[in-house]
Amino acid sequence: MLSALLVMSAIAAVLGAVLGFAAIKFHTEGNPLVDKIDDVLPQTQCGQCSYPGCKPYATAIAAGEADINRCPPGGEEGIRKLAELLGVEFKPFGEDAVPKAKSLAVIDESTCIGCTLCIQACPVDAIAGAAKQMHTVIASECTGCELCVAPCPVDCISMQVIGEKIANWKWKYPVYAMTATT
Amino acid sequence: MFFSPLISKSDSVSAIMLKVLLALLPGIVLYVWYFGPAILVSITLASLTALGTEALMLKLRDRPIMPFLKDNSALLTAWLLALSIPPLAPWWMVVVGTAFAIAIAKHLYGGLGNNMFNPAMVGYAVLIISFPAQMTHWIAPHGMVISELTFPQQLDFIFHDVLPNSDTLDALTMATPLDTLKTHLHLDQPMRQILDMPIYGRFAGHGSEMVALGFLLGGLYLLASRIISWHIPAAFLGTLFVLAGIFHLADPAHYAGPLFHWFAGASMLGAFFILTDPVSSPTTNKGRLIYAAGAGLLTYLIRVFGGFPDGVAFATLLMNICVPLIVLYTQPKVFGKKGSQP
Amino acid sequence: MRPAVPVGNDNMRKLYHFHGGIHPPSNKTQSTRATIARAPLPAKLVIPLHQHAGETAKPVARVGERVLKGQLIGMPDGIVSSAVHASTSGTITAIDMQLIAHPSGLPNLCATLVPDGKEEWAPRKTIDYRDHSPAGLQHLLRMAGVVGLGGAAFPSDLKLSLDKHKITTLVLNGAECEPYITCDDMLMRERAAEIVQGAEMLRFMLDAEEVLIGIEDNKPEAIASMRAAVAAGGHQRMEVIAVPTVYPGGGAKQLIRVLTGIEVAAGVRSTDMGVQCFNVATAYTIHRAFAHGEPLLSRIVTITGNVLHPRNYEVLIGTPIAELVALGVALPDTDSYIMGGPMMGFPLPSVQVPLVKATNCIIASSKKIFPPSPPVMPCIRCTRCADVCPADLQPQDLFWFAQSREFGRAQAFNLFDCIECGACSYVCPSHIPLVQYYRFAKSEIHAREHDKQLADKARIRHDYREQRIEREKQEKADKLAAREKAAQAARLADAQPLTAQQQAEQAGIETSRAHIRELAQSAVEHADEGTTK
């Protein structure tokens, strides 16, 4: 009886020491889960999730404060990835958050008055221009977040859907008459 | 929309399955020759049940019925199951076993191509665990017992459980050669004396060894027509041969020889028809060798040291479980790559 | 790996074997009965500016401009790009989006050229390649629009860039393993000498030791003709080798393996392993470019299948496929047209699309020659696909992963080593369009990697922006604090009584200020006088 107790407490002590050592030795700075979630998010920084950016949303998810279905630009694919990462059930988009086709902000340069409001709104610095100068969206950097649309006092920014072109065309999932393998 | 390639070899799942069914014919003919036509009754019964269950399950699963009924896979399951159980087993056993095999082991896993376990062997396992007594209704070969049932009498027994007044079941049926050997070895009879009993033939059971030969013949046809590869039969029969050989050499009085194990029980049927089921066996050649060698080892162990009359069915099912792991660890080297592990 | 197999021919060389392969009916004899003919000049040419792997060429001709045959109309744009030329003399009538030969059926930028029938050449400059550096020759090829004519249309100049790797073997691919296609066969029969000279130029640029020309043994005429050309030209260390006929033996990786035993994995450049491979037609084109100063303006194309007169034609790039079909006379039950062979080709979105540099064959298709695929059944894991896969892959597993969109696992199982040859689909008893699944998975993975790169870039830019805003805020705060400090210091200074000298200075400043004010006042008054006068 006594020896059993001793053995058990000895094991407990050793394991506790190992765990304690591991906690110090393998300690990681920051919260790796937040970074992992942030990695899955599309980085549009659009704020549609009601958080001021992707990282804050990731932090909120990690803290269990936010649902995983708040990111329309990430699409259902994104929700699926988050569900897998966090080990929770897939959750479809609510009615208030519907994914849209990927699009690009375009400034009508004849209307632009050069007020720089859109430049200040752009979360990824994808608009070039200076005060009283015409502004232009750098297409390759635009994430399609739409944050520049509202501040424009002359409504010269429109979102244009990126259509299918040869350059971005993808082979489709094979669809055939019989549904045997699906 | 059509996809390249635009040409294909004229072959189909149903043609492959049909060839496997054809390959079973020599064994079935010899079965009828030695044991009478009762086996044809269970094959028919199993076939009808299989097709019926298949159609019902497809309907429940909202799948097209005709293309799948025509793929012959349900028929193959039915035939293999019928060949594994005693011909004089009551009709409802055949029906229950087949229906279980098709409905549970095949369709609940997703139907053709998705079952993890060999459906026929699942059906067999269910029957031998649930109805062990009825699973001993093996007909004795012609000339082995005093009175033999005529075909109508056999039908009467299968469907109504009625025997002619004068007969008892024991007088009509016999234990299998594997079973008999096990029983008599328990009684400490020497091997030579046991094998001199009339139930034994040249290398194994009288009659049943010829049926096994028939299956071997059909198996060679499958090999020749490249429907199966040599890996599984070779590894299975090889392992069985080596194990039986070692034990036999070490103690001939208590362990039967390799040829006995090859031609007794379901060895040949298992080697060429059951273990080679593509759906539930590994997809890599190295994996096939491991899988079949494992099945050979388990078969021998179950036969010689276990409680069941034969080991092929349980060996198959146990190895089925290991298939995903075996496949993962036996990935072949990819063109131009050094290692093989994904 | 398997040992070399003895091949039933007169090769003295040890050949290697690649795994798998199939033997589909070749259907090549129909189109080899007649010699190569020159297709007549069409009424209109539509020349796509994107005929090669990589970036679309930048149009450099104006609408309405008269161009000469061989004049540059598309300038290579970016590293992976190639030039595009006017195939004949005439007028550019449009530069716009037109339907092209692409599996997507989407339009792309094309220049429309109405020929004037004069075939007036732009100045051609012939060169002796031996007088030039390999880098200079590479640039010439880029500007001559030379791309691989075996099907992928990869810019040839890029395949000649070497990173100090010694090239031992130059492989010339004349295997032409796909059924129906005979353009390389006929080219080798009729223009062997020029191909061999082109090979010599390639050898010079690569500084390769030996040249191995691999031709499948179902083309005895081509083998004989090429051997004669090699002998007649007195080419040393150049050998024409008959290789066994097995599909896809004409895949570059497979041919390299058969001839040299070297296996080039996906993502590895074959030059890193001391070998490079070019198609025979590409070698021919290089010869035309150097020895005749002709950019790539035409190519040999097979028109075959459901046509009355299957044959090979030399056709100008940009010729509408319909013109070619008219030469072959399609039979009435023809329902579509395939570009490429039956194993890897694709149906054309319209018969009006133009012929491009990659067009090696047009097959008129009917239900009779390409019957619709039987209903698809589930995979039964029979592994016939794995038995024939030339890349030693496990197609049944890749199919499973692609079908369930498990792209990570598909990649782990070496999806990108798949060469999309279609051998797996050819033997599949369940008739599953396997290659289609692999193409789908590959393009999904590419798209995701692209999205991921964009997201990473966006994250970095966002972080920088946040930092900048933070820094600006900090700077503003610092400035404010500094000003505050200065003001405080001033207030502190005010509190101190002034010294006599300071008081005197202050008084001095005040008097001069008063003086200035006075002067200013009088100036204003004078000005007022001026205006009232």
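Trainee: What makes C:Cys428 count as buried or exposed?
Mentor: Keep in mind that this is a predicted model. The relative accessible area of C:Cys428 is 10%. Buried means under 20%, so C:Cys428 is buried. The residue lies in the loop between α11 (423-427) and α12 (434-495) of chain C.

Trainee: Which label does C:Cys382 get, buried, partly exposed or exposed?
Mentor: Its relative accessible area is 21%. Buried needs a value under 20% and exposed one over 50%, so C:Cys382 is partly exposed. C:Cys382 sits in the loop between β17 (361-365) and α8 (384-388) of chain C. Its contacts, leaving aside neighbours within four places in sequence, are B:Pro278, B:Arg288 and C:Pro429.

Trainee: Where does UniProt place the feature "binding site"?
Mentor: The unreviewed entry gives C:Cys379, C:Cys382, C:Cys385 and C:Cys428.

Trainee: How do you know that they gather at one spot?
Mentor: They span 50 residues in sequence. Yet no two of their C-alpha atoms are more than 10.6 Å apart, so they gather at one spot.

Trainee: Why is the pair C:Asp417 and B:Lys337 called a salt bridge?
Mentor: Their closest N and O atoms are 2.5 Å apart. The cut-off is 4 Å, so the pair qualifies. The rule finds three salt bridges across the interface of chain B and chain C.

Trainee: What is the area buried between chain B and chain C?
Mentor: About 3,800 Å², with carbon and sulfur atoms giving 63%. In chain B, B:Leu6, B:Ile7 and B:Phe335 lose the most area to chain C.

Methods
Residues numbered from 1 in each chain as written. Chains lettered and ligands numbered in written order. Predicted model: local features only at pLDDT ≥ 70, side-chain atom pairs only at ≥ 80, totals over all residues. Heavy atoms only, no water. UniProt positions renumbered as here; feature names shortened; annotations may be inferred. Helix = DSSP H or I, 4+ residues; strand = E, 2+ residues; numbered from the N terminus. Buried < 20%, exposed > 50% of the residue type's maximum accessible area, 1.4 Å probe, protein only. Contact = heavy atoms within 4.5 Å. Buried area = accessible area lost by both parts, 1.4 Å probe. Salt bridge = Lys/Arg side-chain N within 4 Å of Asp/Glu carboxyl O.
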